[in-house]
Amino acid sequence: MQDLKNLGISKGEMNMQVLVLRFDYKLSTKLEHDSKDLHLASRRGNETQMPPHISLFSFEKINPATLKEQVNKWIEQQKQLDISFSSLGFFKQTGTFFVAPVVTKELETFHRELFSLISHLHTIEISPYLPGKWVPHSTLINKVPLTAWGPLFQRASLAFEPQSGKAVALECWSIVNGHAQTEWTYFLK
C-alpha cells in the first residue's frame with residue numbers, strides 16, 4: 001500500500017476508488033527520481049511516494065469489481081498511449097507541483113470513452129475529472145508550504161526536461177485508511 005499525500009486525499013477519507021493511468025518503466029523511473037528530488041529538497045524525503053500516474057476519475061464507496069465490470073470489454077481493445085510531458089505546472093490551492101502531458105487526441109478520446117462507461121456511477125469526487133474540466137497531470141509533490149513555493153519551483157524548473165514514454169496500464173486503487181491499494185490492473189495492448 002502507498003501513502004496518499006500525492007493524491008491530495010486526507011487520511012479521514014476512506015472507501016474511495018481512483019482510476020489511474022500508469023507509465024512504462026523508463027518514464028516511471030524518471031518521474032520517481034524528479035519527485036524524490038523535490039521531496040528531499042523540501043525536507044520531506046521520508047514520505048512514501050505514490051507511483052507515477054495520471055488520475056482519470058475518483059469515486060466514493062464504489063466496489064472495485066463494479067468498476068472492473070464496467071470497463072472490462074472496452075479496455076481489452078485499448079492500445080498503449082504515447083505520453084509526452086512537456087510542461088511543469090503548479091496548483092496553488094493544494095501547493096502541488098506537477099508535470100503535464102501534451103493532451104493528444106488519443107488521450108482525450110481514452111478519457112472521454114472511459115467516462116461514457118462509468119458516468120452513471122458519478123459522485124461529487126468525479127467532478128474535477130469530467131471531460132472539459134479534467135487537467136491531466138502527474139503529481140511530483142503535494143502540500144508544499146507557501147514559503148517553499150519559489151525556491152522549490154525554481155529547483156524543479158531548472159531540473160525539468162521534457163519526457164516521453166507510454167501509458168501502459170489502467171489501474172484501480174482503493175483508499176484504505178489513508179493508503180492506496182491496487183485492486184486491479186489492465187495492461188494496454
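Leaving aside its neighbours within four places in sequence, which residues is Gln 78 in contact with? They are Phe 110, Glu 113, Leu 188 and Lys 189, where contact means heavy atoms within 4.5 Å. Before going further, note that this is a predicted model, in which local features need pLDDT of at least 70 and side-chain atom pairs count only at pLDDT 80 or more, while totals for chains, interfaces and linings use all residues. Residues are numbered from 1 along each chain as its sequence is written, and side-chain values use heavy atoms, with hydrogens and water left out.

Gln 78 sits in the loop between helix 2 (64–75) and strand 4 (81–91); helices (H or I, at least four residues) and strands (E, at least two) are DSSP runs numbered from the N terminus. With a relative accessible area of 14%, Gln 78 is buried (buried is under 20%, exposed over 50%, partly exposed in between, using a 1.4 Å probe and protein chains only).

Now for the rings. The whole structure holds 9 aromatic pairs, counting rings of Phe, Tyr and Trp (its six-membered ring) with centres within 6.5 Å; planes under 30 degrees apart are stacked, over 60 edge-to-face, and the rest tilted. In one of these pairs, Trp 74 and Phe 110 have ring centres 4.9 Å apart and planes at 50 degrees, so the pair is tilted. Trp 74 belongs to helix 2 and Phe 110 to helix 3 (residues 105–118), so this pair ties together parts 36 residues apart in sequence. Trp 74 is buried at 14% relative accessible area, and Phe 110 is buried at 2%. Phe 90 and Trp 149 make an edge-to-face pair, 4.8 Å centre to centre with 70 degrees between the planes.

On a 1 Å grid over the protein atoms alone, a cavity is a set of points where a 1.4 Å probe fits but cannot get out, and lining residues have an atom within 4 Å of a point. The largest cavity has a volume of about 80 Å³, the space filled by probe spheres set on points joined across faces, edges and corners. Among its lining residues are Asp 34, Leu 88, Arg 155 and Phe 160.

Notes: On a 1 Å grid over the protein atoms alone, a cavity is a set of points where a 1.4 Å probe fits but cannot get out, and a pocket is an open set with protein on both sides within 12 Å along at least five of seven lines; lining residues have an atom within 4 Å of a point.
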